Amino acid sequence: MSVHTAGPSRSDLVADTALALLAERGMRGLTHRAVDEAAALPQGSTSNLARTRQALLELAVRRLADREARVLALHEMPDPAAGTGSLADALALAAHRALTNNRALTLARYELALEATRRPELRAFFDATGARFRDQLTALVTGMGSTDPARHTLSLIAWADGLMFSCVAGSFGADTPSLEEVRAGLRELLEGMLGG
């Protein structure tokens, strides 16, 4: 008896291909036809799944959120009682994964985030899909005794986003910090906000 493992769904294949194209070619390189060609699908397959550009972008954002949830390993986040060191360790591992093995996915996220600044309907969709990490982080810092959880969450996300942007698309693009360097920066930030 053989076990058949199903491959990715057509929707996931199209979305993953769209994300790869965004990382490789930017927003201008993302077309329905380009997705069909890169995914080795019959012409018109992507259009059948996502008729409009907005639908294709939403499909990519949804898949991005699913894949980033695995990179960020939300299920691995520590209990607040474990302290700031444990949170720094977990967040550093997530950020380092985004900078190394998932660099193209991170670059695709920035392409989509910038496009969302020009498309209000995409902005709402992009923000809604990203809320699960922000909400979980807010709950963690609240549980650790934050006196201003919303501000502290913003500071943590801004720090991590700034690091990732600088190292993936910015002036530090040739320099990827080590896991220990990322951890040290996060510990400094968390200890300043929440105490040791």
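Q: At roughly what angle do the axes of α8 and α9 cross?
A: This is a predicted model, so to speak of local features needs pLDDT of at least 70, side-chain atom pairs count only at pLDDT 80 or more, and totals for chains, interfaces and linings use all residues. Residues are numbered from 1 along each chain as its sequence is written, and side-chain values use heavy atoms, with hydrogens and water left out. An axis is a line fitted to C-alpha atoms, for helices over the stretch in contact, and angles run from 0 to 180 degrees between N-to-C directions. The axes of α8 and α9 come within 11 Å, and they cross at roughly 160°.

Q: Is α8 roughly parallel or roughly antiparallel to α9?
A: Angles under 35 degrees count as roughly parallel, over 145 as roughly antiparallel, 65 to 115 as roughly perpendicular and the rest as oblique. The crossing angle is roughly 160°, and therefore α8 is to α9 roughly antiparallel.

Q: How many nonpolar residues are in the contact of α8 with α9?
A: Contact (heavy atoms within 4.5 Å) is made by His152, Ser155, Leu156, Trp159 and Leu163 of α8 and by Val182, Gly185, Leu186, Leu189, Leu190, Met193 and Leu194 of α9. Ala, Val, Leu, Ile, Met, Phe, Trp, Tyr, Cys and Pro count as nonpolar, Asp, Glu, Lys and Arg as charged, and the others, Gly among them, as polar. The contact of α8 with α9 has no charged residues, 3 polar ones and a nonpolar count of 9.

Q: Is the crossing of α5 and α9 left-handed or right-handed?
A: The axes of α5 and α9 come within 8 Å and cross at roughly 140°, so the two helices are oblique to each other. A crossing is left-handed if the near helix is turned anticlockwise from the far one by less than a right angle, and right-handed if clockwise. For α5 and α9 the crossing is right-handed.

Q: How many charged residues are in the contact of α4 with α6?
A: The axes of α4 (residues 53-72) and α6 (residues 103-116) come within 11 Å and cross at roughly 140°, which makes α4 oblique to α6. From α4, the residues Leu57, Ala60, Val61, Leu64, Arg67, Glu68 and Val71 meet Leu105, Arg109, Leu112 and Glu115 in α6. By class, this contact has 7 nonpolar residues and no polar ones, and its charged residues number 4.

Q: Which helix gives the most to the lining of the largest pocket?
A: A pocket is an open set of points on a 1 Å grid over the protein atoms alone where a 1.4 Å probe fits, with protein on both sides within 12 Å along at least five of seven lines; lining residues have an atom within 4 Å of a point. The largest pocket is lined by 35 residues, of which Glu68, Leu72, Arg109, Gly130 and Phe133 lie nearest its centre. At least two lining residues come from each of α4, α5, α6, α7 and α8. With 10 residues, the helix that gives the most is α7.

Q: How many helices does the protein chain have?
A: Helices (H or I, at least four residues) and strands (E, at least two) are DSSP runs, numbered from the N terminus. The chain's pattern along the sequence is α-α-α-α-α-α-α-α-α. It has 0 strands, and its number of helices is 9.
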